[in-house]
Amino acid sequence: MPPRTNEQFAEIRSNSVQSISDAAMKLFTEKGYSNVTIDQIAKKAKVSKGLMYNYFSGKEELLEFITNRIIKETFAFGKDIPNKNDPVIQMITIIGNSFSLIRDKPDFCKMIMPLITQKGISSKLEIKMRGLFIKMTKDMEVVFKACSVKNATMEAYQFGALMDGIAWHYFFLFKEDYPLDKMEKELIVKYKRLLKNEK
């Protein structure tokens, strides 16, 4: 058998890292971050504990990797919003991104939402998550101000609280009975009217 190429080694590494991070995210969601051990993650990922430590120094680094990956994949706010000059289109983009996150990354949402309130996560990750939500709120404030909406700052905070509430209801209270699609359509209509100053 010929020796493996650099590309093959890179693919093996990528697959291993993906398996480990997927297993960790499932366990963090099911058991809570503080209750999960490296042994449990390795077992679920079907890799040795030693191999895990080749890629991650511990749970904190693994959690940070997962969070960075999902933020990079999903939160397109930084890319999308500045490139759209129409505030109404910006708003639709923000709403669409928010609902896409709920639909496409349910394990991440179910993990990260309770995790923010848990003790035991690193201050580095806590600061990063806080910074992300502050940025999202500031982006919303810019959109509201561009349309001369009264109390733009409060509207931005209210929008963030509304989206958080929708996610909590969908994942932890009503689950499959929650009218997610209808809620998205209703919000688009509501905020189009607000931004266009319609009654």
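A salt bridge is taken here as a side-chain nitrogen of Lys or Arg within 4 Å of a carboxyl oxygen of Asp or Glu. By this rule the count comes to seven salt bridges. The model is predicted: local features need pLDDT of at least 70, side-chain atom pairs count only at pLDDT 80 or more, and totals for chains, interfaces and linings use all residues. Residues are numbered from 1 along each chain as its sequence is written, and side-chain values use heavy atoms, with hydrogens and water left out.

Helices are DSSP runs (H or I, at least four residues), numbered from the N terminus. Two packed helices are described by the angle between their axes and the distance between the axes. Axes are lines fitted to C-alpha atoms, for helices over the stretch in contact, and angles run from 0 to 180 degrees between N-to-C directions.

The axes of α6 and α10 come within 10 Å and cross at roughly 160°. That makes α6 roughly antiparallel to α10 (angles under 35 degrees count as roughly parallel, over 145 as roughly antiparallel, 65 to 115 as roughly perpendicular and the rest as oblique). Contact means heavy atoms within 4.5 Å. On the α6 side, the contact residues include Met-91, Ile-95, Phe-99 and Arg-103. On the α10 side, they include Asp-181, Glu-184, Leu-187 and Tyr-191. By class, this contact of α6 with α10 has 13 nonpolar, one polar and four charged residues. Ala, Val, Leu, Ile, Met, Phe, Trp, Tyr, Cys and Pro count as nonpolar, Asp, Glu, Lys and Arg as charged, and the others, Gly among them, as polar.

A salt bridge joins Asp-181 to Arg-103, with the closest N and O atoms 2.8 Å apart. The pair links distant parts of the chain: Asp-181 lies in helix α10 (residues 180-195) and Arg-103 in helix α6 (residues 87-104), 78 residues apart. Arg-103 is partly exposed, at 33% relative accessibility (buried means under 20% relative accessible area, exposed over 50%, partly exposed in between; 1.4 Å probe, protein chains only).

Helix α8 (residues 123-146) and helix α9 (residues 152-173) also pack, their axes coming within 8 Å and crossing at roughly 130°. That makes α8 oblique to α9. The crossing of α8 and α9 is right-handed. Among the contact residues are Phe-133, Met-140, Glu-141, Phe-144 and Lys-145 of α8 and Ala-156, Tyr-157 and Phe-159 of α9. The contact of α8 with α9 divides into seven nonpolar, two polar and four charged residues.

Lys-135 and Asp-139 meet at 2.8 Å, N to O. They are four residues apart in helix α8, and so separated by about one helical turn. Lys-135 is partly exposed at 37%, whereas Asp-139 is buried at 16%. Glu-141 and Lys-145 form a salt bridge at 3.2 Å, N to O. Both lie in helix α8, four residues apart, about one turn of the helix. Glu-141 is buried at 11%, whereas Lys-145 is exposed at 52%. Elsewhere, salt bridges that share partners join Arg-103, Asp-181 and Glu-184 into one network.

Most residues other than glycine have a negative phi. Lys-46, not a glycine, has a positive phi of about 60°. Lys-46 sits in the loop between α2 (38-45) and α3 (49-55) and is exposed, at 76% relative accessible area. Ser-148 has a positive phi near 55°. Ser-148 is found in the loop between α8 and α9 and is exposed, at 59%.

Notes: Helix = DSSP H or I, 4+ residues; strand = E, 2+ residues; numbered from the N terminus. Left-handed = near helix turned anticlockwise from the far one by under 90°.
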